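Here are some notes to read alongside the structure.

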Amino acid sequence: MSTITLEDTERRKAWGFVAPALLWTIAFFVLPFLFMAAMSLWSRESGQIVRAWNLDNYIAFFAKDSLFKGLMNSLEITLIVTVLSVLLAYPLAWIIAERVPKRFQRLALIMAVLPFWTSYVVRSYSWLLVLSKNGVINQTLMTLGVVAEPLEIASNRTATVIGFVHFFVMLLTLTIYANLIQLSPNYRRAAADLGANGLQTFWHVILPLTLPGIMTGAFLTFVLCIGDYVTPQILGGNNELVLPQIVMLQLGRRADFPMAAALSIILMLAVTAAYVLCARWLKIERA
Amino acid sequence: MTAAVSVHNATKTFGAFTALNDVSLDIKAGEFIVLLGPSGCGKTTLLSILGGFQSPTRGKVMIGGKDMTSVPPAKRPTTTMFQDYALFPHMKLRDNVGFGLRMRGVARAQRDEKALGFLDLVGLKSSADKKPHELSGGQRQRVALARALAVDPDVLLLDEPLGALDLKLRRQMQDELKAIQKRVGTTFVHVTHDQEEAMAIADRIVVMNQGRIEDFGPPADIYMRPRSVFSAGFMGEVNFIPGQVKSVDAASALVETAVGSIALPITSFTASVLVSSQRVVLCIRPEHFRRAGEADDPVVPLGEAKVTGSAFFGTHYRCHLKPAKAPDLSIVAHMPQSAAVADGQIVPLAVSLADIVALPQSRN
Amino acid sequence: MRDMMTRIASYAYAGLIYGFIFLPVAVLVLFSFQDGRLPVPPFNGFSLQWYEAVFADRKLMAALGNSFIVAIVSSLIACLLGFLAAYALARYKLPGSALQRGLLIAPMTVSYLIIALGLLTVLNTFGIRLSLWTVGIGHVVINLPLCFAIIYSSMGDHHINIERAARDLSASDIKVMVLVTAPMLMPSILAAFFLSVTFSWDEFIIAFLLSRFDVTLPVEIWSLLRSGLNPKTNAIGSLVFLVSVAVLAVLELTLFGRTKKS
């Protein structure tokens, strides 16, 4: 029987509604991505992109120290940033949720993320003002007579980490706070009622319950941090390049698109690995 | 406006589950029909098919003589009043009620006037500028009714509209619904699982079970002359006494039961053609029992029975009885307020012949 | 007593972190008023000269306008497509809907750099000129998952009957969406819109790789950075910051403050 039922017409309409978004995503995300993946298997010889299929780019990545070191730098910096940011943000989120009076909490939270509203590029630049040789910190220390020579705190890994941590402490404070206030105060009351002290309550009850929120925030931090070009480019100097910087180098100076594509695929694999590791805590669902 | 509705052999399946099994139904224009049954019986599916929210897997739906089987809800002369009222939360009452008119291109002034008229009909004219969240449950229910009626539908479909109200408000709203239906004359098809509600408002009741229609008729018929064991049981408390047909002639049949042989007129057999030696159940409502010698019309004596328990219900005593002839049988009977029954008392039990309904033993 | 100690420790810690969070912004804003050529101590005195320089800079002003247009247009498209897709997937049973949802969310888990590079390789290969349009396309790609996810998660099942009622009263699908669904979901649609405006406004790498002559503000600021520490960069940064905060405050006080109550 091929009669057209009500459900059929409805379904046809539904396809019409979802189609633009799907087509957009396929045309401008999936296909370009596949194209790039294909290109990572090509190579660039004497200025021309050669469509010869091989794994040369990937082999070169593992063979050339300068490229492989980029991935290691990226992973190290990202891990340091993620751990530091969680450790710094959790207490702040907790203080806002528990110590700050209810009616000031929203204000405290808005204040904690206010510098979000500076432009991302400008935010890294601002740290340059603070950390550079004649920046605020060095001039203050020298005026106070603590140091005689300016400290080298800009243009290195420390500066990159500071710039990143600054951004992600704000982000994580937000996500962890959102997690903390969702907890019913009865958990704490029940734990106290059963004889747990403050620390025990935190360790056995509050922390496990907020772990999913922490992991979501940490994963987000990982993804955004490992893929970022701006912060390390402005604050990191030229000694320790991270993977996105190397990708940009391939694009700019050498116009080696196949190599850039291969490095991007490797970057994505790193993110996927992180996702697999955190997957059990990550749940993005319809409320 | 109003229209007749008929359903021909409608079947609806969801995968392996049959929600509606070969249902046919004829509703006259202007009738108040109640679809009654337990949850999962198919009544809501039938209503959805009438409203056009689902189409039947097989079968046809005719409204006002036209085939509506695959016409979408918007193009049907029906409107639905939803269980959760489904009022538009961001619109004032007048805009809620006027929405259907707006969709039909009626100008603002006109539809406001009409909306106010319908809000007046349900007694909420003074709240026209409120929003739904400012209203009580009963008031929202009225707005939903006004909104559904404002487009002048031929058929109004009501999906358990009183389900969320407390008992007292429910009874009050039943009376109002009935009165409003009389005034507007629209065909109402109302779904409920509450048999008291069904009897209170329906012109005719459709009793449904497991996707089939078990019984269809005016409330008194359904209650007094049920055509299926399910229907008898669903409409109220009933005693089932199993028996077997011994002999049949043109006017009557002799049924042998544990409480004695009873000669029943053919009219007592509401459901099917009679055959000798067929197994049947006699259905007797608790209030139909008499104490032998009390009744005026012809009664069937059922022998003596012992009261094993009783409770006072205000209008009557509800008693559990054990017939002397059949100690395995437990019978529930209502005795008058004045009966002064006591546990262990022996009463002579009887029932009016006309109150007995005999049905074929059910399949399950 | 112990409670007192932890209280003091708490506030001290919060003070330190707030200090850390605000230090660069405070320095940025303070030295945007520097009367001199270097935005570092010592502070030579108050001057608005760098703001004048910003407003006199044609390229900066053009970038500002470009950013604004790209942010608004790409967010509108992302919201519209996201809303339609959310409506279809939340309200109809479509085959492979889990896969479709996954596909729509997928760009969220991929670094912007990779999205930009993918688009760039395709655009290069097909010889399509880079422009604000290509930047906008990229920004829709990153914001569509966000808009879809926010709107989809707010489409509760309790809205289904309300939409059915509208359809039953003869509203077409478009009218159901415009008159019933969208107004009911307005808070989350607005949230999605403003969030994606913010993301687009602030996005650097896609805008950098996919634009050529007309650039957005972050890209223009990037090229200012080549001149090293410069109070003009402070001024444009502070300007963006202060205007964003002002807009945020207005939104907080009007829109979101109000919707929270009802």
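1. A word on element names before anything else: helices (H or I, at least four residues) and strands (E, at least two) are DSSP runs, numbered from the N terminus. A340(B) counts as exposed because it has 9 C-beta neighbours inside 10 Å, and the cut-off for exposed is 12 or fewer. Along the sequence A340(B) and F312(B) are 28 residues apart, while their C-alpha atoms are 9.8 Å apart in space.

2. Please keep in mind that this is a predicted model. Its scores are ipTM 0.88 and pTM 0.80. For chain C the mean pLDDT is 88, with 96% of the residues at 70 or more.

3. Now to the make-up of chain A. Chain A holds 12 helices and two strands, and from the N terminus on the order is α-β-β-α-α-α-α-α-α-α-α-α-α-α. Among the contacts in chain A with a separation of 6 or more, 71% join residues 24 or more positions apart.

4. Of the 287 residues in chain A, 42% count as buried.

5. The contact between chains A and C is worth a look. Chain A brings 66 residues to this contact and chain C brings 67 residues. On the chain A side, helix α1 (residues 6-39) gives the most, with 19 residues. By class, the residues on that side of chain A divide into 49 nonpolar, 11 polar and six charged.

6. Chain B meets chain C as well: 17 residues of chain B are in contact with 14 residues of chain C. On the chain B side, the elements that give two or more residues are β6 (78-81) and α2. The largest share, three residues, comes from α2(B). This side of chain B has 10 nonpolar, five polar and two charged residues.

7. Which residues of α3(B) are buried? They are R111(B), A115(B), F118(B) and L119(B). These buried residues fall within an arc of 100 degrees when seen down the axis of α3(B), so they line one face of the helix. As background, an α-helix has 3.6 residues a turn, so residues three or four places apart point the same way. The face of α3(B) turned away from the buried side carries the exposed residues A109(B) and Q110(B). The cover over the buried residues of α3(B) includes α2 (93-103) and α4 (137-149) of chain B. Just after α3(B), G123(B) takes a positive phi of about 75 degrees.

8. Most residues other than glycine have a negative phi. Y85(B), however, has a positive phi near 70 degrees, and D152(B) has a positive phi near 60 degrees. Y85(B) lies in the loop between β6 and α2 of chain B, whereas D152(B) is in the loop between α4 and β7 (155-159) of chain B. Y85(B) is buried because 23 other C-beta atoms lie within 10 Å. D152(B) is partly exposed, with 16 other C-beta atoms within 10 Å.

9. Last, back to chain A for a glycine. G236(A) sits in the loop between α10 (230-235) and α11 (243-252) of chain A. Is G236(A) buried or exposed? G236(A) counts as buried, because it has 24 C-beta neighbours inside 10 Å. Leaving aside residues up to four places away in sequence, G236(A) touches S155(A), N156(A), R157(A), A159(A) and T160(A). G236(A) and A154(A) are 82 residues apart in sequence, with their C-alpha atoms 7.2 Å apart in space.

Definitions and conventions:
Residues are numbered from 1 along each chain as its sequence is written. Chains are lettered from A and ligands numbered from 1 in the order in which they are written. This is a predicted model: local features need pLDDT of at least 70, side-chain atom pairs count only at pLDDT 80 or more; totals for chains, interfaces and linings use all residues. Two residues are in contact if their C-beta atoms, placed from the backbone, lie within 7 Å. Ala, Val, Leu, Ile, Met, Phe, Trp, Tyr, Cys and Pro count as nonpolar, Asp, Glu, Lys and Arg as charged, and the others, Gly among them, as polar. A residue is buried if 20 or more other C-beta atoms lie within 10 Å of its own, exposed if 12 or fewer, and partly exposed in between; C-beta atoms are placed from the backbone. pLDDT is the predictor's confidence in each residue, from 0 to 100. The arc is that of the directions from the helix axis to the C-beta atoms.
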